[in-house]
Amino acid sequence: MTAEQQDDATSPTPPVEASAGPGSELSNTSLLAEVLARLPAGEAVTHIRPSGGRLGLDLKELWDYRELVYFLFMRKIKADHRQMALGPLWLILRPVLSAVLYTLIFGTLAKLPSGNLPYALYNFSAVVLWTFFTASVVGASTSLLENRQLLGKVYFPRIVIPVVAVLSSLFTFGISFVILILVAIGFGYPPTPMLLLVPIYVLLTGLIALGIGLWFAPWVVHYRDVANLLDYGLLAYMYLCPIVYAIEGFVPAKYETLYRLNPMTNAIQGFRWCLLGEGDPPGALLALSFALALPLVLSGVLTFRRAVRSIVDVA
């Protein structure tokens with residue numbers, strides 16, 4: 001190798017300058033081509049491209065990152081109960097205490113209707129599913145903010161973060177669901193084959209929660225007080241669902257059709273029917289709820305995908 005060749009090999013690659021103004025003549029494609037041309041021969045180049053698919057949701061890529069999903073899942077489960085005197089016991093106490101409080105206020109004092117079920121059981125059956133819903137919405141909507149330190153360090157599908165939040169809430173729901181079955185048995189409502197349909201309504205609830213969480217996650221990063229507004233919105237939404245009252249005898253007949261267009265109304269009613277035989281069996285309302293939930297999730301994925309590109313600079 002001649003001295004001139006050695007100088008060329010050891011000399012640093014000159015920087016590529018490009019105008020950042022709107023009148024720049026150097027497009028992204030030509031800039032990339034020039035950068036690649038200046039790389040030493042044989043240099044390995046890694047291309048990072050947007051996720052495949054029209055929605056930017058590459059299921060194969062998500063599967064490839066399943067170990068990361070598991071790691072984030074376990075980390076969240078541990079973090080949620082760290083430095084608590086009762087620790088994991090709160091997984092049981094949270095829905096039970098909520099049901100007891102609602103029973104005392106709305107069942108004993110307000111004497112709201114509960115259909116043909118004991119009020120405590122009627123309320124507890126809805127509180128378990130509602131707790132899963134609210135925990136999933138809050139967890140997914142704040143997931144980017146809580147994991148902002150990861151966003152600028154390493155590449156991974158960002159959709160993993162809100163999905164993990166919903167999965168961790170599903171874990172908590174599983175424990176509460178076992179308690180609910182035991183309580184139902186104590187009230188004289190043993191499990192029936194209809195219990196096998198419960199996953200359908202849990203899936204519906206998870207899709208609704210994930211869709212809402214994906215819509216709000218970018219906003220929470222940009223404006224922290226959006227999380228507070230979402231909490232109040234969920235509280236108001238609770239009273240639009242048959243949790244502390246039965247539809248029959250409480251919702252006026254002229255508004256009942258409109259009331260049943262609420263997807264969470266149908267999720268709670270169907271979930272209660274699977275457990276206790278009181279509520280709405282699977283039918284047109286369930287199909288309608290899925291028809292409303294799926295566009296919510298798909299639009300949430302699109303919104304999340306567009307917004308997440310600029311979140312690293314804000315978070």
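Reader: Which helices each supply at least two residues of the lining of the largest pocket?
Author: They are α4 (66-80), α5 (90-109), α6 (119-141), α9 (160-186) and α11 (226-238). Helices here are DSSP runs of H or I, at least four residues, numbered from the N terminus. A pocket is an open set of points on a 1 Å grid over the protein atoms alone, where a 1.4 Å probe fits, with protein on both sides within 12 Å along at least five of seven lines; lining residues have an atom within 4 Å of a point.

Reader: Which one gives the largest share?
Author: α6, with nine residues.

Reader: What lies nearest the pocket's centre?
Author: Arg 94, Thr 131, Phe 132, Thr 134 and Ala 135, out of 32 lining residues.

Reader: And how much space is in there?
Author: About 670 Å³, counted as the space filled by probe spheres set on the grid points, which are joined across faces, edges and corners.

Reader: Where do the numbers come from?
Author: This is a predicted model; local features need pLDDT of at least 70, side-chain atom pairs count only at pLDDT 80 or more, and totals for chains, interfaces and linings use all residues. Residues are numbered from 1 along each chain as its sequence is written, and side-chain values use heavy atoms, without hydrogens and water.

Reader: Is Cys 241 buried or exposed?
Author: Buried, because its relative accessibility is 0%; the cut-offs are under 20% relative accessible area for buried, over 50% for exposed and partly exposed in between, with a 1.4 Å probe and protein chains only.

Reader: What about Cys 274?
Author: Cys 274 is buried too, at 0%.
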